[in-house]
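Dear colleague,

I am handing over the structure below, together with an account of what was found in it. Please read the notes with the structure open beside them.

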Amino acid sequence: MAAANGQYDAAHLARNAANFAALTPLNFLARAAAIYPDKVAVIDGPRRFTYGEFGARCRRFADALRRRGIAPGDTVAVLAPNVPALLEAHYGVPMAGAVLNALNYRLDAASIAFILGHGQAKLLIADREFAPTVTDALARFGKKLPVIEIADGAADPRGTMQFAEVEYEDFLLEGDPAAPWSPLQDEWAPIALNYTSGTTGNPKGVVYHHRGAFLAAMGNAITFGLGPDSVYLWTLPMFHCNGWTYTWGVTALAATHVCLRRVDPALIFAAIVEHRATHLSGAPIVLNMLVHAPDAVKQRFDHVVEASTGGAAPPSAVIEAMERIGFRVTHLYGLTESYGPTTICAWQEEWEGLPLAARAGKMARQGIANLHLDRQRVADPETMQDVPADGETIGEVMVRSNTLMKGYLLNPAATDEAFAGGWFHTGDLGVMHPDGYVEIKDRSKDIIISGGENISSIEVEEVLYRHPQVMEAAVVAKPDERWGETPCAFVTLKPGAEPVSAADIIAWCRANMAHYKAPKAVVFGPLPKTSTGKVQKYALREQAKEIGA
Ligand code: ADP
């Protein structure tokens, strides 16, 4: 084969053990523990772990797994809220060469049993808080599975075990903190298995590799502005794309993790004040909870808290309201398949001078490719041609990145489909603006086609969120004899809101957007959500169908 780089292809310029090492986020912890052994790494209520302790606990974790027969390539499942054990699992499990399957704790027992089976878990570590679900899931799972119980949140941690023989702290003591962890040979080795939340179908097991986790953690830490003095408050579930890789990224900077068992505005505001938290993340619904928290829990703080949001489109009204109460919002977009954020709505100086609403409008766009992405495009999935950057022509968002999954576990057909044509197909429809910013209009399954016109449900929701009495809104297609489909709005009013009729809502929409986009039907009430705060549009579509044409 002809040399591609001439004289630079000489044998003595090749990779060797000294100049090439497998990239892995595990090194972040080894480094932080060695350099800052006394710095606070983890805060959990009254508990504090320094980086020295955090490192030692993770090494014990890995060794304890090994002693229990866990081998490289085995899956270790963890079902826990944002507690130290789950954070430690992000290091302890892969340090043993195993693969972390962080489970969504809001799933029912049947789904958990399905995932344990599909992922072929060899061990389960679960929090006592979920004892009934765990017991039920294990019964459904049928096979014998070693289980470790996390009891640190229980009123009586030393009390009767609910579903396991060994408590997590005792399990850690089985391991030797001095045991060396086997160095990683291949950066392509699996590190985590994450099941998608299944908003569009059956959950799929997304497999991450060490290299991607390293790169995504670095990229996300840089673009979110994490530094050594950052205090990251865990309002985002660590099970969701490994906490958008911040489980590793915060450690990369030797910053401080603040664990939080529950996403409760009272606890969040209290933690911001008590620990001077500087950064937090969450789905737009979490920001909305903070905005609408009762005055009694809405504590004031004198520093700016950086809030990154994504997972669903944040209405600009929510961004605006967050800024008013002291947060600076960074909008991210991504998927489980891409280790969380692929785009960031990067801030531009000239937006500074815009009125708050216009600024929030710019920020509600999903944005530009994140630092760690190779490329992002909006293209026609049939022809694979880019759509013009006119902010109007809709295409599918596609990406290429070192931070994409290896594939879906035991699902070659879905993997091939997702990577067809050498691009990862997100299944999201968007436009490319002339300034290079992408704006998502809908998931391909959610777009409403009315009388041949595409209506973006996100655009209609954006107008609904600006109605003074509306707290939340979701719009889906309703079958219609004449138009094919028409938008149907599901609306939750603010607590203590004045009564509002469907006609009022429709009139508001007609006054603020093209008439054909206005909903033809409005339903009031709470919105069904997934565990990650996404509205379950398929459930609403079923409801809309029942309302009839
Ligand atoms: P699931 O696919 O099961 O819903 P994911 O968490 O992987 O689970 O969801 C990724 C999807 O969430 C994206 O494909 C997109 O539709 C939606 N999403 C994520 N972030 C945003 C955002 N900032 N704006 C709009 N939609 C978003």
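This is a predicted model: local features need pLDDT of at least 70, side-chain atom pairs count only at pLDDT 80 or more; totals for chains, interfaces and linings use all residues.

**Aromatic pairs**

A search of the whole structure finds 17 aromatic pairs; rings of Phe, Tyr and Trp (its six-membered ring) pair if their centres lie within 6.5 Å, and planes under 30 degrees apart count as stacked, over 60 as edge-to-face and the rest as tilted. One of them is formed by Phe61 and Tyr168, which are edge-to-face at 5.7 Å centre to centre, with 70 degrees between the planes. This pair links distant parts of the chain, since Phe61 is in helix 2 (residues 51–67) and Tyr168 in helix 6 (residues 168–173), 107 residues apart. Helices (H or I, at least four residues) and strands (E, at least two) are DSSP runs, numbered from the N terminus. Both Phe61 and Tyr168 are buried; buried means under 20% relative accessible area, exposed over 50% and partly exposed in between (1.4 Å probe, protein chains only).

A tilted pair is formed by Tyr232 and Tyr246, at 5.1 Å centre to centre and 40 degrees between the planes. Tyr232 belongs to strand 10 (residues 231–233) and Tyr246 to helix 9 (residues 246–252), 14 residues apart. Tyr232 has a relative accessible area of 0% and is therefore buried, and Tyr246 counts as buried at 1%. Ring pairs link Phe224, Tyr232, Trp234 and Tyr246 into a cluster.

Residues are numbered from 1 along each chain as its sequence is written, and side-chain values use heavy atoms, with hydrogens and water left out.

**The surroundings of His257**

His257 is in strand 11 (residues 256–258) and is buried, with a relative accessible area of 0%. The His257 side chain makes a polar contact of 2.9 Å with the side chain of Thr251; such a contact is a pair of N or O atoms within 3.5 Å, where within protein one must be able to donate a hydrogen and the other to accept it, and residues adjacent in sequence count only if both atoms are side-chain atoms. Leaving aside residues up to four places away in sequence, the residues that His257 touches (heavy atoms within 4.5 Å) include Tyr232, Trp234 and Tyr246.

**Helix 12**

Helix 12 (residues 316–324) is mostly covered, with 7 of its 9 residues buried. Among them are Val318, Ile319 and Glu320. The buried residues of helix 12 pack against several elements, including helix 11 (284–291), strand 14 (327–335) and helix 15 (457–465). Just after helix 12, Gly326 takes a positive phi of about 105 degrees.

An open sheet of 3 strands has the order 24-25-26, with mixed pairing; two strands pair if DSSP finds at least two bridges between them. Strand 24 (470–480) and strand 26 (521–524) stand at the edges with a single partner strand each, so one side of each has no neighbour in the sheet. The twist from one strand to the next averages 25 degrees; axes are lines fitted to C-alpha atoms, for helices over the stretch in contact, and angles run from 0 to 180 degrees between N-to-C directions. Strand 24 and strand 25 (residues 484–493) pair in the antiparallel sense over 10 bridges.

With kind regards
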